[in-house]
Amino acid sequence: MKEKKNSVFIATSLDGYIADKDGGIDWLHAIPNPENNDMGYRRFMSGIDAIVMGRRTYETVLGFDMDWPYSKPVFVLTKTLKEVPVHLSGQVELMNGPIKSVLDDIHERKLYQLYIDGGATIRSFLDKDLIDDMIITIIPLLLGDGIPLFSSLAMPLPFRCVASELYLNAIVQNQFVRSRDFKGRP
């Protein structure tokens, strides 16, 4: 059996927001990227079995003017949605319930390397100490307000920075791994 791993790949503003105060993400393109450098996204996705995202992230992706961008199974955590569009049948599944039960269901399908996406979903996983690593790409722009990536936690969760890379002479991407043997220093 493969190792179970929950990973995050996300971009934030310099002040830690994943969307502006209106939920917009156009600011992600503030730095020109004429060669469409994916900043490691394809490499990251090559190691992923499935994606777990929240309803708002799912609805944001549905609103993009493009075809469904994922070839991997997508599980949407929702309490309100009841069905997916016909064209996404077999690609997207709606799930509800405690996170650990949802993970058990996904793991029973032999899907172990999971991409956790969406602010509320990431925060829920962090609250239960269920994130193993994070790749956070920082766009050098202060939004001043918006949807934060992080919120309060019941306890500190130490991570260790294992890589840092500069893209487009402006964007910094850091990779963090959860330090589960924390003894006072990360």
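How many residues apart in helix 2 are Glu-59 and Arg-55? Keep that one in mind, everyone, and we'll come to it in a moment.

Hi all. Before anything else, please remember that what you see above is a predicted model.

Let's begin with the whole chain. Its secondary structure comes to 4 helices and 10 strands.

How does the overall size look? The C-alpha trace spans about 45 × 40 × 30 Å along its principal axes. For 186 residues, a compact globule would have a radius of gyration near 16 Å, and this chain has 17 Å, so the two agree. Of those 186 residues, 40% count as buried. Now look at contacts with a separation of 6 or more: 67% of them come from residues 24 or more positions apart in the chain.

And the outside? The chain exposes about 10900 Å², and carbon and sulfur atoms supply 51% of that area.

Now for charges. There are 21 positive and 24 negative side chains, and the centres of these two sets lie 8 Å apart. Side chains of opposite charge can pair when their charged atoms come close. In this structure there are 9 salt bridges.

Back to my opening question. Glu-59 and Arg-55 are 4 residues apart in helix 2, which covers residues 55-62, and that means about one helical turn separates them. Their side chains meet in a salt bridge, at 2.7 Å from N to O. Are these two buried or exposed, or something in between? Glu-59 is partly exposed, with a relative accessible area of 35%, and Arg-55 counts as partly exposed as well, at 27%.

Here is another pair to find on your screen. Asp-38 forms a salt bridge with Arg-42, and their closest N and O atoms are 3.6 Å apart. Asp-38 is partly exposed, at 25% relative accessible area, whereas Arg-42 is exposed, at 61%.

One more pair: Arg-109 bridges to Asp-105, with the closest N and O atoms 3.2 Å apart. Arg-109 has a relative accessible area of 35% and is partly exposed; Asp-105 is partly exposed too, with 27%. Elsewhere, salt bridges that share partners join Asp-129, Asp-132, Arg-178 and Arg-180 into one network.

Let's move to strand 1, which runs over residues 5-13 and is where you'll find Thr-12. Is Thr-12 buried or exposed? Thr-12 is buried, because its relative accessible area is 6% and the cut-off for buried is under 20%. And what does Thr-12 touch? Leaving aside neighbours within four places in sequence, its contacts are Tyr-17, Ile-18, Trp-27, Ile-136, Thr-137, Ile-138, Ile-139 and Leu-149.

Ser-7 lies in strand 1 too. At 2% relative accessibility, Ser-7 counts as buried. Not counting residues up to four places away in sequence, Ser-7 touches Phe-44, Leu-114, Tyr-115, Ile-116 and Asp-133.

Last one for you: how far apart in space are Ser-7 and Glu-108? They sit 101 residues apart in sequence, and from C-alpha to C-alpha the distance is 18 Å.

Methods: Residues are numbered from 1 along each chain as its sequence is written. This is a predicted model: local features need pLDDT of at least 70, side-chain atom pairs count only at pLDDT 80 or more; totals for chains, interfaces and linings use all residues. Side-chain values use heavy atoms; hydrogens and water are left out. Helices (H or I, at least four residues) and strands (E, at least two) are DSSP runs, numbered from the N terminus. The radius of gyration is taken over C-alpha atoms; the globule rule is 2.2 Å times the number of residues to the power 0.38. Buried means under 20% relative accessible area, exposed over 50%, partly exposed in between (1.4 Å probe, protein chains only). Contact means heavy atoms within 4.5 Å. Accessible areas come from the Shrake-Rupley method with a 1.4 Å probe; for residues, only the protein chains shown count as cover. Lys and Arg count as positive and Asp and Glu as negative; His and the chain ends are not counted. The place of a charge is taken as NZ of Lys, CZ of Arg, CG of Asp or CD of Glu. A salt bridge is a side-chain nitrogen of Lys or Arg within 4 Å of a carboxyl oxygen of Asp or Glu.
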